[in-house]
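Notebook open, viewer open. I want to go through this one entry by entry and jot down what I look up.

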Protein chains: 2
Amino acid sequence: MINQVTAPDNTRDRIILAGLRLFAAKGYQSTSIVDLLQEADAHSGSFYHFFPTKQDLLLAVLKTYRDGIEPMLLAPAWDGILDPIAKVFALLAVYRRALENSGCTYGCPIGSLALELHEPDPPVRELLSVNFYGWVNHIRACLDAAGGRLPRSVNTEQLAVFVLTTMEGGVMQARTHRSLSAFDASVASLKDYFDRLEATAREESP
Amino acid sequence: MINQVTAPDNTRDRIILAGLRLFAAKGYQSTSIVDLLQEADAHSGSFYHFFPTKQDLLLAVLKTYRDGIEPMLLAPAWDGILDPIAKVFALLAVYRRALENSGCTYGCPIGSLALELHEPDPPVRELLSVNFYGWVNHIRACLDAAGGRLPRSVNTEQLAVFVLTTMEGGVMQARTHRSLSAFDASVASLKDYFDRLEATAREESP
């Protein structure tokens with residue numbers, strides 16, 4: 001979901017940016033070192049100086065997503081939006097635009113890597129996990145900020161996980177069908193669920 | 001989700017079963033022809049006689065899932081269950097057991113293949129798509145059978161897609177975290193949504 005970055009000056013950052021782009025577009029296993037060198041305009045000597053293996057680059061890419069979630073994903077998604085529940089749906093709309101702009105081939109790079117790598121080495125799996133937890137924690141903060149607009153019985157951590165589930169399941173089907181309709185159906189159902197939760201909270205309020 | 005099959009007598013079926021097992025366990029790209037020959041106890045001559053390429057086997061595997069959804073997935077999941085909404089959650093419970101029995105490494109083989117293959121050839125993508133549509137259509141039939149237990153405003157196709165979204169998004173996170181909790185959180189949220197829909201339908205009924 002990080003599209004705004006322009007080519008950095010230093011070689012290490014250019015290689016990481018190449019990894020961000022190519023792992024998301026082609027997949028990790030289909031991306032060769034030669035592909036990465038061409039995309040980064042780098043030589044193999046500098047590549048292996050910074051990243052002894054392709055997996056070392058993958059770890060750096062996953063750390064970039066982890067550290068970049070606020071400046072690169074959330075800040076642009078939430079620019080000018082104060083309502084915490086509107087923020088949840090504004091973030092989902094970012095993924096819809098990514099699907100729309102790519103002919104439904106590009107959605108969530110973390111989700112793609114999570115299922116492409118069937119048995120990822122532990123440090124890779126942990127960083128995928130950390131990225132999911134980071135995303136969920138930011139949504140949970142929105143839900144906590146919504147306060148009395150949600151029923152008292154709502155578990156905001158559970159609901160935040162469900163928002164990520166909706167995004168990832170919707171992206172998976174949209175990519176497979178090459179159509180936005182399953183993504184839209186999923187978000188519309190989630191929105192209906194939120195509307196019902198808000199209606200219950202209004203009944204609870206004194 | 002097809003675990004019940006025992007080794008068939010004929011070589012072609014043994015190779016397809018090997019594909020079912022290994023593509024789900026290791027991924028498509030990580031499974032070699034040698035792996036398949038060993039698993040199927042077959043010789044390369046017979047393999048290439050039936051399947052000129054590994055992709056031809058993948059197509060046969062995806063057709064087996066498509067054609068096997070009723071006998072191999074739904075019939076065991078719904079054995080003895082008549083309530084159409086209980087069927088929806090009984091099917092989700094099958095995926096939970098698959099995660100539980102595999103230490104959260106195995107969930108839905110179609111979802112895994114859908115995201116592993118970033119740019120699948122058109123016949124592969126179409127069969128992945130057909131498998132998703134088949135699953136959704138069976139859930140939609142349950143929701144249609146539930147009739148007046150859901151509000152009149154509910155679009156059963158949209159809601160059926162959302163059930164698949166819940167399963168796939170929950171499986172993805174469970175596999176990544178190696179923990180059932182995100183799957184359980186997703187299904188619990190979906191159940192709460194269904195409970196609210198049923199409550200609305202009760203208010204609508206005369």
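**Entry 1: a loop residue.** I started at R178(B), which is partly exposed at a relative accessible area of 29%. For my own use: buried means under 20% relative accessible area, exposed means over 50%, and partly exposed is in between, with a 1.4 Å probe and protein chains only. R178(B) sits in the loop between α8 (156–177) and α9 (181–204) of chain B. Helices here are DSSP runs of H or I with at least four residues, strands are E runs of at least two, and both are numbered from the N terminus. What is the phi of R178(B) near? I get a value near 50°, which is positive in a residue other than glycine.

I then looked up R178(A), in the loop between α8 (156–177) and α9 (181–204) of chain A. Its phi is near 55°, again positive and again not a glycine. R178(A) counts as partly exposed, at 29% relative accessibility.

**Entry 2: ground rules and confidence.** This is a predicted model, where local features need pLDDT of at least 70, side-chain atom pairs count only at pLDDT 80 or more, and totals for chains, interfaces and linings use all residues. Residues are numbered from 1 along each chain as its sequence is written, chains are lettered from A and ligands numbered from 1 in the order in which they are written, and side-chain values use heavy atoms, with hydrogens and water left out.

Chain A averages a pLDDT of 94, and 96% of its residues score at least 70; pLDDT is the predictor's confidence in each residue, from 0 to 100. For the complex I noted an ipTM of 0.94 and a pTM of 0.94 from the predictor.

**Entry 3: how the copies relate.** I superposed by least squares on the C-alpha atoms of residues with pLDDT of at least 70 in both copies. Chain A goes onto chain B with an RMSD of 0.0 Å, by a turn of 180° and a shift of 0.0 Å along the axis. That is the relation of a two-fold axis. The copies meet through the same surface, because 100% of the interface residues of chain A are also interface residues in chain B.

**Entry 4: the interface.** The contact (heavy atoms within 4.5 Å) takes 50 residues from chain A and 50 residues from chain B. The two chains bury about 4,300 Å² between them, 58% of it on carbon and sulfur atoms. Buried area is the accessible area (1.4 Å probe) that two parts lose on being put together, summed over both. In chain A, L115(A), H118(A) and R196(A) lose the most area to chain B, together 17% of what that side buries.

How many salt bridges cross the interface of chain A and chain B? The rule finds zero, taking a side-chain nitrogen of Lys or Arg within 4 Å of a carboxyl oxygen of Asp or Glu.

**Entry 5: one serine.** S112(B) is in helix α6 (residues 109–116) of chain B and is buried, at 5% relative accessible area. Leaving aside neighbours within four places in sequence, S112(B) is in contact with L115(A), H118(A) and R175(B).

**Entry 6: cysteines.** I counted zero disulfides over all chains, the rule being a pair of cysteine sulfur atoms within 2.5 Å. For C108(A), the nearest cysteine sulfur, that of C104(A), is 15 Å away. C108(A) counts as buried, at 5% relative accessibility. C104(B) is buried too, at 6%, and its sulfur is 15 Å from the closest cysteine sulfur, in C108(B), too far for a bond.
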